[in-house]
Amino acid sequence: MSVNGKGRQNSADRRAAGGRGRSSVDVRPRASSESVRPSPEPPPAALVCRQISHDIRHGLSTISLLATMLNAAPEIGDQNRARARSIVNEVRWLEQLQRAYDGWLLEPSEAVWCLPPENIRSEPLENIRLDLIAAEVVEAIGLSGTVRIDLRAEAVTAYASRLAVWRVLSNVLGNAVRAAGPSGAVGVHITVGSRWAVADIDDNGPGFGAGPPGLEALGLSIARELAAEWGGGLEVGRSRLGGSRVRLRIPVRAPLRPPLAYGRAA
């Protein structure tokens, strides 16, 4: 018995001294329960979107205040004053777009894109002045670059979402300016008939799909889906300037049938 006890003692001594005993006993120190903390749960995606949206609104407000102060400065000159005014107008549109984005999030834990299309809230349709919205978009984009943009517009009232029309014109005109290049030319022509208000955007670029890859296709996809909301349409063809022409058609009055819901256009 004493021999066995001594052997057990020697084995324990070897383990304590770092020897190669065959025992399977794990003598490594164990972490205390206090040092083990569970990983924090990530916040729901919709909540993160709301938080980011909140911070974007703050940034837009700051930009608007800075541009307003710049516009009031006596020494900036007429050209820079026009740029400051365009910044204020652009921020106003972006604030509306931000509110529309917020409307896509119903609850902090639920995103509306998980819902059926018929439950998606669209922007209200109303009578708008297409020529005035087009003039504002042309001024903002024209002052931000060197492309020559020729706007010809008569007073045109149409029936659509004011914010969606601004988005469509901004996307289409932005594509045209990029396609035309820094020294190119773009034409915007606003007309009206018995049924449709029409905006033609022409450029002298290489033509749709022939230029460098970019956001052209995405912009047109957004424009087509938005146009379908008010029962309008978007067509792409050959421009009188040699490049691409995008024609936007908008009803001049409310349709008898409700327009397609967003995302359900054919």
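Predicted model: local features only at pLDDT ≥ 70, side-chain atom pairs only at ≥ 80, totals over all residues.
**Exercise 1. Identify the residues that line the second largest cavity, and state which helix supplies the largest share of the lining.**

Solution. 
Step 1. The count of cavities of 30 Å³ or more comes to two. The second largest cavity holds about 40 Å³ of space.
Step 2. Its lining consists of Ala134, Val137, Val138, Leu169, Leu173, Val188 and Ile201.
Step 3. Sorted by class, the lining has seven nonpolar, no polar and no charged residues.
Step 4. Helices α4 (130-143) and α5 (162-180) each supply at least two residues of the lining. The largest share, three residues, comes from α4.
Step 5. Among the buried residues of α4 are Ala134, Val137 and Val138.

**Exercise 2. Explain which parts of the chain are tied together by the pair Glu139 and Arg85, and which helices hold Arg92 and Glu136.**

Solution. 
Step 1. Side chains of opposite charge can pair when their charged atoms come close.
Step 2. The side chains of Glu139 and Arg85 meet in a salt bridge of 2.9 Å, N to O. Because Glu139 lies in helix α4 and Arg85 in helix α3 (residues 78-103), the pair ties together parts that are 54 residues apart in sequence.
Step 3. Glu139 is partly exposed at 25% relative accessibility, and Arg85 is partly exposed at 38%.
Step 4. Arg92 and Glu136 also form a salt bridge through their side chains (2.9 Å, N to O). This pair links distant parts of the chain, with Arg92 in helix α3 and Glu136 in helix α4, 44 residues apart.
Step 5. Arg92 counts as partly exposed at 34% relative accessibility, whereas Glu136, at 19%, counts as buried.

**Exercise 3. Find how many salt bridges the whole structure contains, and state which strands are joined by Arg249 and Glu235.**

Solution. 
Step 1. A search of the whole structure finds eight salt bridges.
Step 2. One of them joins the side chains of Arg249 and Glu235 at 3.3 Å, N to O. Arg249 lies in strand β9 (residues 244-251) and Glu235 in strand β8 (residues 233-238), so the pair ties together parts 14 residues apart in sequence.
Step 3. Asp202, Arg240 and Arg245 are linked in a network of salt bridges.

Key: Residues numbered from 1 in each chain as written. Heavy atoms only, no water. 1 Å grid on protein atoms, 1.4 Å probe; cavity = no way out; pocket = protein on both sides within 12 Å on 5 of 7 lines; lining within 4 Å. Points joined across faces, edges and corners; volume = space filled by probe spheres on them. Helix = DSSP H or I, 4+ residues; strand = E, 2+ residues; numbered from the N terminus. Nonpolar A, V, L, I, M, F, W, Y, C, P; charged D, E, K, R; others polar. Buried < 20%, exposed > 50% of the residue type's maximum accessible area, 1.4 Å probe, protein only. Salt bridge = Lys/Arg side-chain N within 4 Å of Asp/Glu carboxyl O.
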